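Student: I would like a close look at a single part of this model, taken slowly and in one connected account.

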Amino acid sequence: MNHYDHYTDEQLLSFIKNDDVASFRELYDRYWKQLLLKANHLLRSNQDAEDVVHDVFTDIWKRKNEIGLETSFRAYIGAAVNYSC
């Protein structure tokens with residue numbers, strides 16, 4: 001059992017700010033598939049969609065200390081994929 005699966009997205013994001021890679025992996029595992037489907041729908045290219053999702057998560061890690069959510073993490077990451085597409 002993954003002990004991170006009971007935390008909220010926002011809690012995991014706060015752990016990521018402390019360089020917690022396992023919490024980052026949990027957020028990735030929660031959202032990569034639905035984000036890939038969304039990006040693929042918008043771009044009509046699986047490779048481009050994979051690149052977008054990868055770039056969005058890479059950006060989240062790089063900017064982990066700067067991210068301030070005004071909405072849910074789900075909304076934030078969905079908007080990031082839309083913008084990137």
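Student: Which are the buried residues of α2?

Tutor: In this predicted model, the buried residues of helix α2 are Ser-23, Phe-24, Glu-26, Leu-27, Tyr-31, Leu-35, Leu-36 and Ala-39, and they pack against α1 (9–16), α3 (46–62) and α4. At the start of α2, the backbone nitrogen of Ala-22 has a side-chain oxygen of Asp-20 within 3.1 Å. Ser-23, which lies in α2, counts as buried because its relative accessibility is 0%, and, leaving aside residues up to four places away in sequence, Ser-23 touches Tyr-4, Leu-12, Phe-15 and Ile-16. Further along, α2 bends by about 45° at Tyr-31, a residue that is itself among the buried ones.

The packing against α4 can be described in some detail: the axes of α2 (residues 21–43) and α4 (residues 73–84) come within 10 Å and cross at roughly 35°, and this crossing of α2 and α4 is right-handed. On the α2 side the contact is made by Leu-27, Tyr-31, Gln-34, Leu-35, Lys-38, Ala-39 and Leu-42, while α4 contributes Phe-73, Arg-74, Ile-77, Gly-78, Val-81 and Asn-82. Sorted by class, this contact of α2 with α4 comprises eight nonpolar, three polar and two charged residues. Just after α2, finally, Arg-44 takes a positive phi of about 60°.

Terms used
Residues are numbered from 1 along each chain as its sequence is written. This is a predicted model: local features need pLDDT of at least 70, side-chain atom pairs count only at pLDDT 80 or more; totals for chains, interfaces and linings use all residues. Side-chain values use heavy atoms; hydrogens and water are left out. Axes are lines fitted to C-alpha atoms, for helices over the stretch in contact, and angles run from 0 to 180 degrees between N-to-C directions. Helices (H or I, at least four residues) and strands (E, at least two) are DSSP runs, numbered from the N terminus. A crossing is left-handed if the near helix is turned anticlockwise from the far one by less than a right angle, and right-handed if clockwise. Contact means heavy atoms within 4.5 Å. Ala, Val, Leu, Ile, Met, Phe, Trp, Tyr, Cys and Pro count as nonpolar, Asp, Glu, Lys and Arg as charged, and the others, Gly among them, as polar. Buried means under 20% relative accessible area, exposed over 50%, partly exposed in between (1.4 Å probe, protein chains only). The bend at a residue is the angle between axes fitted to the seven residues ending there and the seven starting there. A polar contact is a pair of N or O atoms within 3.5 Å; within protein, one must be able to donate a hydrogen and the other to accept it, and residues adjacent in sequence count only if both atoms are side-chain atoms.
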